[in-house]
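Reader: I have the model open and want a quick tour. Can we go through it in short steps?

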Amino acid sequence: MKHKVATTVNGHRHEHEVEPRLLLVHYLRDVVGLTGTHIGCDTSQCGACTILVDGKAVKSCTMFAVQAEGRNLTTIEGMAKDGQLHPLQQAFWDEHGLQCGYCTPGFIMAAAYLLSQNPNPTDDEIRKGLEGNLCRCTGYVNIIKSVKSAAAAMGGAPARAGEKSVAGR
Amino acid sequence: MAVTTMIGAKIHRREDPRLVTGHGSYVDDMQQVGMAYMSVVRSSQAHARIKSIDITDASKAPGVVAIYTARDFKAVLSGGLPVTESLIADKKYVPNQFPIAESEVVYFGEPVAVVLADERYQAADAAERVQVEYELLPVVVDFEKAMQNGSEKAHSDGPDNIAWDVNFPGGDIDAAFKEADVTVKERIIQQRVFPMSMEPRTVMANFVPFANQLTLWTSTQVPHFVRIFLCFGLGIPESQIRVIAPDVGGGFGSKLRPYPEEYLAAASSKLSGRPVKWVEGRTENLQATTHGRGHIFDIEVAAKKDGTLLGLKVTNLSDNGAYVGVFGALQSALALLLAPGCYKWKAVHGRTVGILTNKMSTDPYRGAGRPEAAHLVERAVDLVAQELKMDPADLRRKNFPSEAEFPFTNALGMVYDSGNYAKTLDKAQQMVGYEDLRRRQSELRKQGRYLGIGLSTYVEICGVGPSAATSHVSGNLSLVESSVVRVHPTGSVTVAVGTHSHGQGHDTTFAQIVADALGVPYDSVEIHHGDTADTPFGYGTYGSRSLAVGGISIYTSCQKVVDKAKKIAAHMLEAADDDVVFDQGRFHVKGSPERAKTMGEVALAAHLPGLPEGMEAGLEAVTYFDPPNFTWPFGAHICVVEVDPDTGAVDIQKYIAVDDCGNIINPMIVDGQIHGGVAQGIGQALFEEVVYAEDTGQLRTGTLLDYNIPGMGEIPELELDRTITPSPTNVLGVKGVGEAGTIAASAAVINAVVDALSPFGIKHVDMPASPDRLWKMIKEARK
């Protein structure tokens, strides 16, 4: 027995018929076709599948697709606007906040929510705010830098003195 | 040499824009028309005879396409998974592993059947309905007990549980111990850990019936290696198999072997005539992807009372799991060959015994033998320092080879190419404020506070490998690395390499090398890797080898291109070849810099008529680079902890890492590698441990709920610096950095914890140094 579900994902309206047990993350990946939201565990520890549901960070493996009826969903694909990276995306790039990139979309979405609640977080607040996301590559050092740098770029904090660097493509 | 603006520069990674926007392409992001999902039915028992497999009920489940067991696969698969057998010099019993169990399961999670269904959830549902009846057999979990005569056997038809028993003699060990004023002994346990790449393994196979062609997308570090073994297993010519490792979400050594599911997905596609995808869940990943470490090291150290190190005896027991890992024995070999560390010993003697148990195989995990070596020798020197009441930094410095002694041959015959060990230690001590910290430590002790300072001065081995050195220990693999550098008529460059990048940023660093070597714009260089259809045969990425072997291969190809381009330029400039100089991307006549041709102009000419007499058109080169030696990065890490004696909690207050990986291509990427490596070392030291139930062999740390990898709150800020001692082994002077952080970190942390608790008379702490473990030790010591 399938159920109708209508959602708005990154500003676009979608209507599908889905099984009631379909996880939101599988709905996004397999039904809507947005594969930027990743799956890193099956017990809701890793946070790789974090998206925004009506602006709030949610691990999309903890919701059924049918529970997203009428909700506004934002995934990593919805962050860049008009060909411009979101300041968090730019900051993760600038600060080497990612290596294999698998956990990155989840971190960026969780950080987006954190900054919406606390535009100028301290290191400790970032550590607490993102404790639901796991990364195995970076040791988190540059993720913290990335979030601080994005906060500065978004006007939440004084700009950090930039390191000398060469811009690559 | 051409322009050198790119090598050494902090270039932002070209990989990142697509990855930060959700446009990466991992295997589960792809689909094939008509694709079925594969779910693997896994053994619920660690050791049992399979009495029956009943698929009647499962076959009726919605969407089921087919259900296959070993009997079905035997029609299309032969042989077994590879093991680098010749590494096991004194091979005893190495059981063959068919990708799926037929009559006996030997570890919890071993495949026993696969289900194909139209949809993801349907495959999982139907797999639940496959009924397997088992007759339980005795379970072997404790590997020390398993090596004893008369032990129960991990394989019922095996002679015993001993996979290998090899000695590594180095010098006159008895004489070294006779000379000793002090000897210390310790048992050092390297617990099993999960590599835990954030992307679990994923495979998609598409066999084209009647064409006998297979395309396999797989989350691997070694696409060419996987292809070879699929060719053997499936009987499909290597040329008709294409293996693609697209974006791969981390590997850490756990994706550097062919796996059962790669064979099973490919064979299922062949049997069913449909493309097949298998996605490993995390819980499945913990059962079915190889584990790291899993060793006991019994060590005995001899020293003089002035702190001069004399002899080191190491007995290594390796918990292989049910099947010897593809590179399982390599880890023990490396752990022993590197056991001397960065110290001058008169003699070092090692013995390793590989032991079969009813568990998942152990195979490389970041460092693969070197973290074990560094941990044991760094613990050993601290034990001696504690015994002699010497400062551990002084004792280390006393036993380092001096800079002038390089190349330095260690007690087991390994030749360290270059080093200045005292320099990294000096720098780390300055950074941490060592003298002040020691004073502060004794003040705090008076207040009942327990500060600990832990040193780890490591040396490691990278750049595997010189074929002459590796072939006898790698199953006759040459471990060279390949590259093709092709300059197109319009001057842009495509480079294809046999290595694979899964987070290391090769697309960026390799392009930096090429831009400099050819004198072309960085943006005009494209790097290809991971697809066997457009890259030359290569051994892949592991062992921190990609730069020191793959990178040098690329550089060598570039030099060949420059050599040819120079001849073309000379012809164009109507000058003798020897009169043309290559500088800053331009070929000019000696003494007349204005008479010049750019690489782009030469590239176009190379594809047009009018080339020098007898010269072929085109501008490209191929290299299979076989390095003359390994490379030997080193460094000094210092960890400062405070242990709460009432709770056993460890607070890392400072972590200093001074590393020397030779010349640097991209400092940002090097630092990132150190960060991640250190975090994994801290994870092993304080948090992580794979636990199997002793009686049943069930995996007790079976989900990410039960197994603690460090989160953001667990990793402190890391303070990094470096020294640069170029490697004389290769033309770029590079060494490698992928594993250094992990190799150094666990010893630094544990030495700090032991140092903190030394007032309690504690001399050694096993990993993970959890609050529970430490609280019990402190409580016991206070009695």
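Reader: Among contacts in chain B between residues at least 6 apart in sequence, what share joins residues at least 24 apart?
Author: 81% of them. Two residues count as in contact if their C-beta atoms, placed from the backbone, lie within 7 Å. Note that this is a predicted model: local features need pLDDT of at least 70, side-chain atom pairs count only at pLDDT 80 or more, and totals for chains, interfaces and linings use all residues. Residues are numbered from 1 along each chain as its sequence is written, while chains are lettered from A and ligands numbered from 1 in the order in which they are written.

Reader: How many helices and strands does chain B have?
Author: Chain B has 21 helices and 28 strands. Both are DSSP runs numbered from the N terminus: helices are H or I with at least four residues, strands are E with at least two.

Reader: What percentage of chain B counts as buried?
Author: 60% of its 783 residues. Buried means 20 or more other C-beta atoms within 10 Å of the residue's own, exposed means 12 or fewer, and partly exposed lies in between; C-beta atoms are placed from the backbone.

Reader: Is strand E20 of chain B largely enclosed or open, and why?
Author: Largely enclosed, because four of the five residues in E20(B), 493-497, are buried.

Reader: Which way does E19(B) run against E20(B)?
Author: Antiparallel, with five bridges joining E19(B), residues 481-487, to E20(B). Strands pair if DSSP finds at least two bridges between them. Ser483(B) has Val497(B) as its bridge partner. The two strands form a hairpin with five residues between them, and Gly491(B) in the turn has a positive phi of about 100°.

Reader: And E21(B), parallel or antiparallel to E20(B)?
Author: Parallel, over four bridges to E21(B), residues 525-528. Val495(B) is bridged to Ile527(B) there. From E20(B) the chain crosses through helix H16(B), residues 506-518, to E21(B), in a right-handed β-α-β crossover. Right-handed means that, with the strands pointing away from the viewer, the path from the first strand over the helix to the second runs clockwise.

Reader: Switching to chain A. What is the strand order in its open sheet of five?
Author: E2-E1-E5-E3-E4, with mixed pairing. Strands E2(A), 12-18, and E4(A), 56-59, are at the edges with a single partner strand each, so one side of each has no neighbour in the sheet.

Reader: How do E1(A) and E5(A) pair?
Author: In the parallel sense, over two bridges between residues 3-9 and 72-74. Thr8(A) has Asn72(A) as its bridge partner in E5(A).
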